[in-house]
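This report describes the pockets of a structure and one of its chains. Please look at the sequence and the model first.

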Amino acid sequence: MVDVSEELIKFTLLTRERADYLVDRYSERKEREPESLKAVATDLGFVKR
Amino acid sequence: MPSSAHLGLSQRFVHAPRFPILYGSLRERSFSRFLAYEAARLLEAMGGEVRIYDAHGLPLPDDITADHPKVQELRALSIWSEGQVRVSPERHGNLTGVMKSQIDWLPLSEGSVRPTQGRTLAVMRVSSGSQSFNAVNSLRVLGRRRRMIATPNQASVTMAYKEFDEAGRKRPRLL
């Protein structure tokens, strides 16, 4: 119990400030702004040039 | 005692890390509630702010619209959270419907609001029977579906009736 609680506190302190960035996803950005990300997708090879 | 300094973090946070705790049994002498309270005491001693959700009166998922006060209370707690603890009894080799119903009321996203995404998650299970990890494994799967960061460690209490005293406090473990 103590082990789990300690670990939860540590991981929470590490991630909470960055949580928004950690769950920021390419697929969702693409859904929001398909046009502006087309170039990125092409560059990465996901879309044929 | 875990501290921000050991993690190379500055001390500029104004609030303590926030943890709601969900537990999966409505019994009067619920061992998962006892374990939830033990977790609360530990997290508070380590500097966390804890709120325990009481699922009494929460309707089954989709039996009613989400503006029900118990649903709103649950969602508000999840939005407020930075980490969560979920404690379930293991019934028929898995987590209880009471636990799952609470999780089912939490959407992945509601407009731009994301009640669970990016939060840490600690999973725990109690059982009166033998050792098993089915319920904690299921809780991990459900956490992943909600894009939560589950800690590698977990708690699994077996023969719970031996582990807690009359007042619901966990007996000290013989080393």
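Lys and Arg count as positive and Asp and Glu as negative, while His and the chain ends are not counted; a charge is placed at NZ of Lys, CZ of Arg, CG of Asp or CD of Glu. On this basis chain A carries 10 positive and 11 negative side chains, with 7 Å between the centres of the two sets.

The model is predicted, and local features need pLDDT of at least 70. Residues are numbered from 1 along each chain as its sequence is written.

Chain A has four helices and zero strands (DSSP runs: H or I of at least four residues for helices, E of at least two for strands). The C-alpha atoms of chain A fill a box of roughly 55 × 20 × 15 Å along the principal axes. Of its 49 residues, 31% are buried, meaning under 20% relative accessible area with a 1.4 Å probe and protein chains only.

A pocket is an open set of points on a 1 Å grid where a 1.4 Å probe fits, with protein on both sides within 12 Å along at least five of seven lines; lining residues have an atom within 4 Å of a point. A volume is the space filled by probe spheres set on the points.

| Pocket | Volume |
|---|---|
| Largest pocket | about 330 Å³ |
| Second largest pocket | about 210 Å³ |

The largest pocket is lined by 19 residues, and those nearest its centre are Ser25(B), Arg27(B), Pro89(B), Arg91(B) and Thr96(B). β3(B) gives the most to this lining, with three residues. Residues lining the second largest pocket include Met1(A), Asp3(A), Glu38(B) and Arg173(B).

Conventions. Chains are lettered from A and ligands numbered from 1 in the order in which they are written. This is a predicted model: local features need pLDDT of at least 70, side-chain atom pairs count only at pLDDT 80 or more; totals for chains, interfaces and linings use all residues. Side-chain values use heavy atoms; hydrogens and water are left out. Buried means under 20% relative accessible area, exposed over 50%, partly exposed in between (1.4 Å probe, protein chains only).
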